[in-house]
Amino acid sequence: MEISIPHMTSPCSFPLKPTIPPVIQDPNIPPPLPPDPLDLALPSPPCSPQASVPPPPPLPPPPSTVEAVPPHVYGLEKSRLLKEALEKAGPVPKGREDVKRLLKLHKDRFRNDLQWILFCANLPSLIQEGPQCGLVALWMAGTLLSTPDTDSVSLERLVQVAMERGYTAQGEMFSVADMAKLAQETLDCQTELLCGGLGGPNRDRVLQHLISGHPLLIPHPRTWEGAGQGCSSYDEDFNHEPCQKKGHKAHWAVSAGVLIGVQSIPILGYMEDSELPGLFHPVPGIPHQSPSLPDESSPGAIFLLSKQGKSWHYQLWDYNQVRDSNLQLTDFSPARAADGRVYVVPAGGVQAGLCGQVLLLRPQEWSH
């Protein structure tokens, strides 16, 4: 029998000259043996001028019994959890949408005998990796201080300068005074450090600052312990409200909004919300009369809208609770003292650096 094998040209070969004559198969010669299985594991040459059967693919390598362990990167695990949480939650809502979601979620907290006015600047979100809560809060605040002619300062720049000036070692910030100096140098803004807490004569100054649309940096003890409380700290409905733990869980937040309960709405410059009856907003571009502030002794009449580096979302915090929490920053965390890391703590400790202090930030050109 005569079998003709067609000529096959490889994509990477040149035309062959002369043409190979057909192969004559002798019927008395037995057919060739099948290939040895071990030969199948060897890759065939990348370019063969002609072949009767394409070579089989190489066998996969045997599974490794020892997995390579990646080097530990501080904050990496938390970053992965945050990315997974964000993917499940979908896109982060825009500022106004997120605020409305928050107000609807907590509508039962608002007194029915009051009408409410919301002042809130639009803050971006940034998730911290490691103990960078203060620097992340400063970065968010900085976006409200930049102008169209100036670029916003990156978080990496804030960290670099803070380390170069000796304000931080790991990203931590245990001094409001150092935070003020860092903000002045990197953001080219005005700063005002208030001592004595958020109450008393400081209260009206802080509220007028927020009504004007400027950011406020607040150190406070944080309330969450992670999954141990039965609620993930990345849960959009977890309010992250400050607590009273003597600074063992010292944290930073930035407030850029305030919700004020009043007996009556000023005549000029306000409109009622179309979705939330009883809630009023200042009309953009129109001068508005400042509302009469409720007495400090009036409970549940003022709420801060804040963001911090553990959540993508705004949080709604009772003003008096934040005031009391800010006065609790007295002790350095025993867990941090024993973790083997170096931290920059000012003379006098956490109490001297954070307790009863907040930082007001304004654009450089702002005049009272």
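# Close-up views of a predicted model

View 1. Contact means heavy atoms within 4.5 Å. Helices (H or I, at least four residues) and strands (E, at least two) are DSSP runs, numbered from the N terminus. This is a predicted model, in which local features need pLDDT of at least 70 and side-chain atom pairs count only at pLDDT 80 or more, while totals for chains, interfaces and linings use all residues. Residues are numbered from 1 along each chain as its sequence is written, and side-chain values use heavy atoms, with hydrogens and water left out. Helix α4 is mostly covered, with 10 of its 10 residues buried. Its buried residues are Cys133, Gly134, Leu135, Val136, Ala137, Leu138, Trp139, Met140, Ala141 and Gly142. For orientation, the protein has 10 helices and nine strands, and 43% of its 368 residues count as buried. Among contacts with a separation of 6 or more, 74% come from residues 24 or more positions apart.

**View 2. Where α4 meets α5.** The axes of α4 (residues 133–142) and α5 (residues 155–164) come within 10 Å and cross at roughly 130°. Axes are lines fitted to C-alpha atoms, for helices over the stretch in contact, and angles run from 0 to 180 degrees between N-to-C directions. The two helices, α4 and α5, are therefore oblique to each other; angles under 35 degrees count as roughly parallel, over 145 as roughly antiparallel, 65 to 115 as roughly perpendicular and the rest as oblique. The crossing of α4 past α5 is right-handed, a label for a near helix turned clockwise from the far one by less than a right angle, with anticlockwise being left-handed. Look for Leu135, Val136, Leu138 and Trp139 of α4, which meet Leu155, Leu158, Val159 and Ala162 of α5. The residues of this contact are eight nonpolar, no polar and no charged. In this scheme Ala, Val, Leu, Ile, Met, Phe, Trp, Tyr, Cys and Pro count as nonpolar, Asp, Glu, Lys and Arg as charged, and the others, Gly among them, as polar.

**View 3. Where α5 meets α6.** Moving along to the next pair, the axes of α5 and α6 (residues 176–187) come within 10 Å and cross at roughly 125°. Helices α5 and α6 are therefore oblique to each other, and α5 passes α6 in a right-handed crossing. From α5, Leu158, Val161 and Ala162 meet Leu182, Glu185 and Thr186 in α6. This contact has four nonpolar residues, one polar and one charged. Leu158 and Ala162 also take part in the contact of α5 with α4.

View 4. The buried ones are Tyr319, Asn320, Val322, Arg323, Ser325 and Asn326. They pack against α7 (201–211), β3 (216–221), β7 (302–307), β8 (315–318) and β9 (357–363).

**View 5. His251 and its partner Gln308.** His251 sits in strand β4 (residues 250–262) and, at 1% relative accessibility, counts as buried. Its side chain and that of Gln308 are joined by a polar contact of 3.0 Å. A polar contact is a pair of N or O atoms within 3.5 Å; within protein, one must be able to donate a hydrogen and the other to accept it, and residues adjacent in sequence count only if both atoms are side-chain atoms.

**View 6. Glu275 with two lysines.** Glu275 lies in the loop between β5 (270–272) and β6 (279–282) and is partly exposed, at 44% relative accessibility. Leaving aside residues up to four places away in sequence, Glu275 touches Lys100 and Lys104. Side-chain polar contacts link Glu275 to Lys100 at 3.5 Å and to Lys104 at 2.9 Å. Glu275 and Lys104 are 171 residues apart along the chain, while their C-alpha atoms are separated by 9.5 Å.

**View 7. Gln351 in α10.** Gln351 belongs to helix α10 (residues 349–353) and is partly exposed, with a relative accessible area of 45%. Not counting residues up to four places away in sequence, Gln351 touches Leu329, Thr330 and Gln357.

Definitions and conventions
Buried means under 20% relative accessible area, exposed over 50%, partly exposed in between (1.4 Å probe, protein chains only).
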